[in-house]
Amino acid sequence: MTDQLNIHTHQNVGHISLNRPKAIHALTTEMCVAMADALGEWADHAGIAAVMIDHAEGRGFCAGGDIAMLRNSALNDEGRTGREFFHAEYQLNHQLFTYTKPVVAFMDGITMGGGVGISQPAAFRVATENTRFAMPETGIGLFPDVGGGWYLSRLPGQTGKFLALTGARLDGAECHAIGLATHYIASEKLARVKAAIVDDPANIQSILDEASETPPEARILANRGTIDRLFAGRTLEEILAALEADDSDWAAKELKTLRAKSPQSCKVALRQLADSLTLGSFADEMRMEYRIGSRVLVSHDFAEGVRAVIVDKTGDPQWNPATPQGVTDEQIGAIFAALPEGEEWTPL
């Protein structure tokens with residue numbers, strides 16, 4: 001067991017609390033393995049009726065994966081430990097997606113990247129006034145992984161494409177409005193809600209329904225028509241052209257945002273979301289994302305994006321290729337190609 005997690009059982013409920021507050025509970029390989037082990041044990045345990053996932057303390061549920069470790073791996077061991085992390089993390093994501101007992105994820109605070117991967121598979125996803133949801137990976141040369149292709153491609157209209165490309169942050173009300181959260185509950189009620197679930201895990205739905213309240217107005221709904229119109233393009237070039245041709249302040253803001261992202265990452269994300277809709281299972285999604293991750297991890301844009309955004313904090317990544325036109329279909333195709341035999345992702 002790891003001190004980065006608090007893993008308990010309360011009566012008939014398994015409880016996993018992320019416990020890396022200084023890192024906003026960002027996931028490590030060790031955490032992913034320990035969570036998977038606990039979930040595997042509880043899946044076969046007749047006395048466990050449900051599982052809760054939350055965070056122990058601090059301002060976020062989970063800020064993502066251990067980005068510093070991933071960059072260090074890319075620079076120093078040809079991505080080996082980074083691939084080990086992705087493999088374990090995606091196994092955990094798939095395990096949660098296919099879990100036969102109800103899981104409740106409390107998305108209270110920052111829920112990004114890896115935090116999305118462990119909350120979205122849950123049958124019950126609770127947002128609060130503190131929720132800040134995003135898949136910001138295109139800004140550091142990565143891509144919306146941990147099942148992001150599956151979840152985002154299945155959101156209404158062009159919302160998923162907008163979130164994947166821009167890394168836009170949603171609040172709890174917005175998450176609830178577009179289906180990323182099943183319930184909206186004030187954070188002050190969460191302790192009582194968790195205690196009620198422990199006392200009566202057979203009635204999670206009614207417990208959450210009863211504690212829910214009407215969320216504030218969801219800002220993203222006011223922009224849905226604009227998002228659906230301007231992000232309808234099949235290619236990155238088409239989307240940029242649509243934003244350029246629109247004279248609204250909103251379009252200008254999103255165009256500036258998009259131009260700061262890695263062109264390669266944006267094209268990867270667009271293909272990922274399109275391909276996801278053709279896949280037959282979440283395991284196929286994870287297999288595809290592991291292929292992408294294995295290659296993007298050791299690409300120029302990832303090391304450079306993390307340097308500029310997280311390490312040096314200069315905010316001036318020098319992407320290569322620097323323009324959408326410089327990223328060819330052949331380059332993207334190579335990122336999605338099957339891995340050599342014995343190197344593909346496999347579920348637990």
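Here is a short tour of a pocket, a sheet and some salt bridges.

Before clicking, note that this is a predicted model, with local features needing pLDDT of at least 70, side-chain atom pairs counting only at pLDDT 80 or more, and totals for chains, interfaces and linings using all residues. Residues are numbered from 1 along each chain as its sequence is written, and side-chain values use heavy atoms, with hydrogens and water left out.

**Stop one: the pocket**

Select Ala63, Ile67, Pro136, Ile140 and Ile310: of the 37 residues lining the largest pocket, these lie nearest its centre. (A pocket here is an open set of points on a 1 Å grid over the protein atoms alone where a 1.4 Å probe fits, with protein on both sides within 12 Å along at least five of seven lines; lining residues have an atom within 4 Å of a point.) Next, colour α2 (67-76), α3 (80-97), β6 (110-112) and α16 (300-311), the elements that each give two or more residues to that lining. Helices (H or I, at least four residues) and strands (E, at least two) are DSSP runs, numbered from the N terminus. The pocket's volume is about 890 Å³, meaning the space filled by probe spheres set on the points, which are joined across faces, edges and corners.

**Stop two: the sheet**

Stay with β6 and bring up its open sheet of 4 strands, ordered β4-β6-β8-β9 with mixed pairing. At the edges sit β4 (60-62) and β9 (170-171), each pairing on one side only. Strands count as paired if DSSP finds at least two bridges between them; β4 and β6 run parallel over 2 bridges. Zoom in on Cys62 and you'll find Thr111 of β6 opposite.

**Stop three: salt bridges**

There are 17 in the structure, each a side-chain nitrogen of Lys or Arg within 4 Å of a carboxyl oxygen of Asp or Glu.

Show Glu174 and Arg219, whose side chains meet at 3.0 Å, N to O. Glu174 is in α7 (residues 172-178) and Arg219 in α10 (residues 219-222), so this pair ties together parts 45 residues apart in sequence. Glu174 is buried, at 4% relative accessible area (buried is under 20%, exposed over 50%, partly exposed in between, with a 1.4 Å probe and protein chains only).

Now try Asp246 and Arg229, bridged at 3.1 Å, N to O. Asp246 sits in the loop between α12 (236-245) and α13 (249-259), and Arg229 in helix α11 (residues 224-230). Asp246 counts as buried too, at 15%.

Finish by selecting Glu304, Arg307, Asp312 and Asp316, which are linked in a salt-bridge network.
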